[in-house]
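Me: Can you walk me through this fold? Keep it short, please.

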Amino acid sequence: MTHVLDRHAKRVLDMLAAGRGGNGPELTPRALRESMERLAKAVDLRSVAVASVDDRRIRSLAGGMTLRAYTPLTAPNELLPGVVFFHGGTGVFCSLDTHDGLCRALAASSGCRIVSVDYRLAPEHPFPAAIDDGLFATQWIADHAAELGIDRERLAVAGDSAGGTIAAVVCQLAQRAGRPRVALQVLLCPVTDLASESPSRAELATGFFIERSTLEWAKALYCAGADLYDPRISPLRSTDLVGLPPAQIHTAEFDPMRDEGQAYADALSAAGVDVSYVCHEGLIHHFYCMAGAIPRAREVLVPVGAAIGDALRAAPPRPIVAQ
Amino acid sequence: MPESTPDSIEARIIGVVQRLLAERSIDRPVHPDEDLREAGLSSLDMVTLVLSVEAEFDLMVPEIAIMPANFRSVTAISRLVDSIQRGG
């Protein structure tokens, strides 16, 4: 550990600090959503080329859901490995648009098709709506893999932050149900435990991009009174991790969620799951969506994506545990 | 291109702030001395604002200058941009 903040990440934190204090606006879901959309336009990757980006509306549990499919420039017409992607945002904010640059970067660096899922948000749709949508979308994509140009045997789920929670939980639920088959899970700075406060959440509670007060506010909206020990809210609390898909877990050194990401990597590993874990030195939560302001984020996403592509191309077909 | 005058700097910064507020569904004119936090900009919006100002004027605000006083109002930002352009 270097214990030194990346200087561009520090600039972002300084800008945030410069905006605190005084009579700021009230924190509301709408205000935060709008701020994140605008921030994304200022800090996102803008120049990553892909062959195509296609929105598709599917019929879902709640009527309709949008899937956004990213096709890489390499071999756009071939059957490719696929990644079902869940954006972060505490389950309350962010969207397909705020994570557009990240999905482009991952499509380009992995050579896989990325399918980003527009799951329902709280407080309009609290837990378990996001989880239900996540599982539904993963099953739908697996069932329609050929139509999407995806090799069904090489399908990963991925997500960042609260999207990492969804990805992790989808793996647990799919494992138990025996379907759909997931070849790999990729978790970027995942939230894995809302039932307790890890040391990194306490140490980095203020001044490190996402404040404890914001996390608590969002947790109340998202969980809406549900049991925080429910493994669908806190996947780290699951007592049954054996047989889960191989995992690639990334954390950031100056991220409040660092320790729970590492704890999940350790727990999976202890259960015999094949895990690769990297803590990215000097970086902060959400760095992967701010490559326009934090150049090292763009560098980091290259090996992150390459590892996804390599793992999926090498993935042996996973046995069906139950029907 | 002629060097920016303080007046045109202010007009461009008002434009940046107005666009930001419009996307936050706040649609009203901004006074140059108005406190931007009170006008409705959150701390996240301040990141967007600093980056947008840097892009608008093609400059980099030095770390030491990223402080609340320099971004509290359009007037304060104009003063900062003017001094960076002169010094830089």
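Predicted model: local features only at pLDDT ≥ 70, side-chain atom pairs only at ≥ 80, totals over all residues.

Me: What order do the strands of the open sheet have?
Reply: The open sheet has eight strands, in the order β1-β2-β4-β3-β5-β6-β7-β8 (chain A), with mixed pairing. Strands are DSSP runs of E, at least two residues, numbered from the N terminus. Two of them pair if DSSP finds at least two bridges between them.

Me: Which strands stand at the edges?
Reply: β1 (52–60) and β8 (275–284) of chain A. Each has a single partner strand, so one side of each is left without a neighbour in the sheet. The twist averages 20° from one strand to the next.

Me: In what sense do β3 and β4 of chain A pair?
Reply: Parallel, over five bridges, between residues 80–86 and 113–117. Val84(A) has Val115(A) in β4(A) as its bridge partner.

Me: Now helices. At what angle do α4(A) and α6(A) pack?
Reply: About 65°, with axes 9 Å apart. Axes are lines fitted to C-alpha atoms, for helices over the stretch in contact, and angles run from 0 to 180 degrees between N-to-C directions. Helices are DSSP runs of H or I, at least four residues.

Me: What classes of residue make that contact?
Reply: In the contact of α4(A) with α6(A), eight are nonpolar, two polar and none charged. Ala, Val, Leu, Ile, Met, Phe, Trp, Tyr, Cys and Pro count as nonpolar, Asp, Glu, Lys and Arg as charged, and the others, Gly among them, as polar.

How values were computed: Residues numbered from 1 in each chain as written. Chains lettered and ligands numbered in written order.
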